[in-house]
Amino acid sequence: MRGRRKLGRGVAVVGAGMSKFGMFSDKDSKYLFAEAFHEMLSTVDKGVDTKDIDALYLGNFTNDFFVRQGHWGPIISDLLGFAPKPATRTEGACASSALAFREGVFAIASGFYDVVLVGGVEDMSKRSTEEVTQGLAMAASPYEVKAGFTFPGVFGAMATAYFAKYGAGREHLMNVTIKSHNNARLNPKAQFNVSIRDIMNQRIEKAKNKGEPPPAWRDEKEFLRDPKANPVVAWPMHLYDCCPISDGASCVLLVAEEIAKDFTDSLLYVVGIGQGSGKGLHAKEDLTYFEATRYAAKEAYELSGLKPEDVQIAEVHDCFSIAEIVHIEDLGFFKPGEGYKAVEEGLTRLGGSKPINTSGGLKCKGHPVGATGTGQLVEIWKQLRGEAGERQVPIKDLRVGAAQSLGGTGGTCTLTILERR
Amino acid sequence: MEGRPFNDISYERFLNEDKLMGSRCSKCGVLSVPPRSICIKCYGSEMEWVEMKGKGNLATFTCIAIGPPFMIKEGYDRKHPYVTGVVELEEGVRVVARIEGMDGSKPETIKIGTPLQVEFLHRGEGANSTTFLAFRPL
């Protein structure tokens, strides 16, 4: 790197919206994006004239494979009545819309555009689990695919390595799952808007209604240890360690700093952005962290002048429970090998010193892959504006939040830091 | 053999001949498995083929219950998970490979560091034939 990186001019986020995430047999990509866009429009305090939007950047990963339709940039721009203005699709596997966000920031920072819509969409649930697994594996390295690795498999292998190096175990992953569900219970947009306790009670009720002996789980961990309730997917990843298959869309509106006050007086600035790329599983020196996330974090911290301890809340890419533990270490929130202890101590809960995935994370909010990057920023937007309702974190003077995305098996990693000024 | 391009196609063809091959940079000596056509240390493009001895140990693993269609076709499913992992070769490089001879339904019996020996799994016929790189405990 030659000299310190900087943005040509400031960029603010002035609107954010998302569709409900879930599995919808009757909703397609266009419908979902319209839902997210419509909500975004309603969040711009002083309103936005859609004629002022200069360009669209759209993240999408697998629609070519899952719905046999490519070229989603113009489809969505036509949907929103933007044509003939430019629309560009970005693809970075599960980090696709995090890349759209970054391109939007660059487009404004360069001085080329003033108002840009960035978002993402994915429509995954109309295929079988096996087909979805195969489709997502397109983002792994060819060697991994041939060796039979699936996405849960790659993270399973990382968890095996992490356990062996640091002495953690399945019980520690369960702490992540239980927390994610507790947060998602307070998020009406979440795919799994229930706690583990709620799920246990539903199962007990169901058994009673059928006249069967109700399961006698003493607590959430006993439920998660029960192989009938929580079967193995790719050891040690079990069903409740894995994000679901989801449909959904999300978007945010970016504007140049000079005109930001025309949209709102409650300004959130993009102060840090970073991106890294990673190697295949076989070429990683250590299987317990993501070099690409560490690189992205370094870039974003340097640009912002902030340190990990300045970030008050974060959404991290918990496609699998082990990933959340690894990410909070890679972002410097906790030392390597201590992330699982921090989760166990409750530091990452809503009321903890470093709340992580207040939305419920990918695990519970859902993971429509292309929509996830900007979806995370919708949550950070809500929290920083004090609009997260029941799940609002009780931090006084909440100013700085971050979102970290990961694509593939760590091939593309990003970090975005927003600051309220 | 020297005439083969240093790429994944040649790597796969060597597997089919029961050989695990890498490339070594003639200039700086860096070994790459799978092979590379340019060296990412010195950016030299003169490579030579090197055959791995096929011995290593298990660096990490997972036991997969929900696999892709080609593994399901081999009879693996939720009741019969397969093992796959990362193997550190004696030569100091790592490969991803299927792990044979270990019970995927008993992951607690599988230990990191287990010494392994290469095995070549030939599947399919004619144009559909392929060879999977695998390892088995010594």
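Two strands pair if DSSP finds at least two bridges between them. Keep that in mind for the first stop, where Leu116(B) has Pro137(B) as its bridge partner in S8(B).

Before you click around, some housekeeping. This is a predicted model, where local features need pLDDT of at least 70 and side-chain atom pairs count only at pLDDT 80 or more, while totals for chains, interfaces and linings use all residues. Residues are numbered from 1 along each chain as its sequence is written, and chains are lettered from A and ligands numbered from 1 in the order in which they are written.

**Stop 1: strands in chain B**

S7(B) and S8(B) make a hairpin with six residues between them, and in the turn you'll find Gly124(B), with a positive phi of about 80°.

Now select strand S6 of chain B, residues 94-99, which runs parallel to S8(B) and is joined to that strand by two bridges. Arg98(B) sits opposite Ala134(B) in S8(B).

**Stop 2: Gly56(B)**

Next, pick Gly56(B), in strand S4 of chain B, residues 55-64. Is Gly56(B) buried or exposed? Gly56(B) is buried, because 26 other C-beta atoms lie within 10 Å. The cut-offs: 20 or more other C-beta atoms within 10 Å of a residue's own make it buried, 12 or fewer make it exposed, and anything in between is partly exposed, with C-beta atoms placed from the backbone.

S4(B) pairs with S7(B) in the antiparallel sense over three bridges, and Gly56(B) stands opposite Leu116(B) there. Leaving out residues up to four places away in sequence, Gly56(B) touches Val87(B), Glu88(B), Leu89(B), Glu90(B), Leu116(B) and Phe135(B). Touching, or contact, means that the C-beta atoms of two residues, placed from the backbone, lie within 7 Å.

**Stop 3**

Colour chain B by domain: domain 1 is 8-51 and domain 2 is 55-137, with bounds that come from an automatic or database domain assignment. Their centres, taken over C-alpha atoms, are 22 Å apart. Seven residues from domain 1 of chain B and seven residues from domain 2 of chain B make up the contact.

Zoom in on an open sheet of three strands in chain B, in the order S2-S1-S3 with antiparallel pairing. S2(B) (31-32) and S3(B) (47-51) are at the edges with a single partner strand each, so one side of each has no neighbour in the sheet. Two bridges join S1(B), residues 21-25, to S2(B), and Ser23(B) has Ser32(B) as its bridge partner.

In the loop between S2 and S3 of chain B, select Tyr43(B). Tyr43(B) has a positive phi of about 60° although it is not a glycine, and counts as exposed because it has 10 C-beta neighbours inside 10 Å.

**Stop 4: helix H1 of chain A**

Over to chain A: select residues 29-43, helix H1. How far apart are its end C-alpha atoms? They are 21 Å apart, which agrees with the 21 Å that 15 residues should span at 1.5 Å a residue, the expected span being 1.5 Å times one less than the number of residues.

Its buried residues include Leu32(A), Phe33(A), Ala36(A), Phe37(A) and Met40(A). Look down the axis: the buried residues of H1(A) fall within an arc of 165°, so they line one face of the helix. That arc is taken from the directions from the helix axis to the C-beta atoms. Show S1 (11-18), H2 (63-66), H3 (72-79), S4 (115-123) and S7 (247-256) of chain A to see what these buried residues pack against.

**Stop 5: two cis bonds**

Most peptide bonds are trans. Still, the bond from Ala83(A) to Pro84(A) is cis, with omega near 10°, and so is the one from Trp235(A) to Pro236(A), with omega near -5°.

Note on methods:
Helix = DSSP H or I, 4+ residues; strand = E, 2+ residues; numbered from the N terminus.
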